[in-house]
Amino acid sequence: MNEQTLVSQLAERFPQRDFHVDNLSVLHKGRFANAIVYRYKDDHFDFVIKDFQHSPWFVRKTLARLFINQEYKALKRLNGMDGVSDEYHRLSSIGIAYAFIEGVPLRTLSKQGEKIPKAFFNQLEHMVSEMHRRGLVHLDLRNLGNVILGKDGKPYFIDFQSAMTFDRFPVWLQRYMRGADLSGVYKGWSAVCELPVTGYKKIFFTNFNQFRKRWIFRGYPIHRASLWLVGLASQLPGAGLLRSITDRF
């Protein structure tokens, strides 16, 4: 039933096209407060669809709407940026579709023991910089499943439901949020790059990992995480180093 609803929502969005349930497949089965992730592929479209229809009503009325809204606003803010899906559509208050990115997650490459060039991570670092210039932090780039080695060899970001704007936070807190994204770059670099992380980047990554076990700002619930981080950050070491690193980007 959920699948037929999704196809109907796509048909409403693109009334000039025909959509069929047979072209819909499940990429990831979400549970409770997580979306089910689908792929819809035919001769004209290739979409990832995140949908919360399966969730309990209180999730659909609260967290699901928050997550879909966060992701849609993030994609809109990053519109036109390299490495981000260039087509996205809100299908409902609890569902979103965006262009599928053909490639392999860094997490998969790491499990396979594959190595990729340093140039990939230089590009990824600059993408993070551009995202931050646009006022957005991803906050879940340490999950290497959210960074894709595209079919074209370039880096891509996915899964923005934890992303948020950071200008309303104090400057020192913004640095920590930006640092969380940078640590994700260096984590991927350490895992699958053919050359090691060196210099100030290695120092930053090492220091950041020292307090990672106490770090809650890695996903959702977003509001609780942001409040917890305010109290945590004042106790964490390396604030001066983090400032010097993030100010470079």
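How far apart should the ends of helix α3 (residues 63-77) be? At 1.5 Å a residue, its 15 residues should span 21 Å, where the expected span is 1.5 Å times one less than the number of residues. The end C-alpha atoms lie 21 Å apart, which agrees. The structure is a predicted model, in which local features need pLDDT of at least 70 and side-chain atom pairs count only at pLDDT 80 or more, while totals for chains, interfaces and linings use all residues. Residues are numbered from 1 along each chain as its sequence is written, and side-chain values use heavy atoms, with hydrogens and water left out. Helices (H or I, at least four residues) and strands (E, at least two) are DSSP runs, numbered from the N terminus.

A64, F67, I68, Q70, E71, A74 and L75 are buried in α3; buried means under 20% relative accessible area, exposed over 50%, and partly exposed in between (1.4 Å probe, protein chains only). Seen down the axis of α3, these buried residues fall within an arc of 155°, so they line one face of the helix; the arc is that of the directions from the helix axis to the C-beta atoms. An α-helix has 3.6 residues a turn, so residues three or four places apart point the same way.

Next come the strands around β3. Strand β3 (residues 46-51) has 5 of its 6 residues buried, so the rest of the structure largely encloses it. Strand β2 (residues 36-41) pairs with β3 in the antiparallel sense over 6 bridges, and two strands count as paired if DSSP finds at least two bridges between them. Within this pairing, Y40 has F47 of β3 as its bridge partner. A hairpin is formed by β2 and β3, with 4 residues between them. Strand β5 (residues 95-99) is joined to β3 by 5 bridges, and the two run antiparallel. Here V48 stands opposite Y98 of β5.

L139, in the loop between β7 (136-137) and β8 (147-150), has a positive phi of about 75° although it is not a glycine. With a relative accessible area of 4%, L139 is buried. D159 sits in the loop between β9 (155-157) and β10 (164-165), and its phi is near 65°, a positive value in a residue other than glycine.

Finally, F58 belongs to helix α2 (residues 57-61). At 39% relative accessibility, F58 counts as partly exposed.
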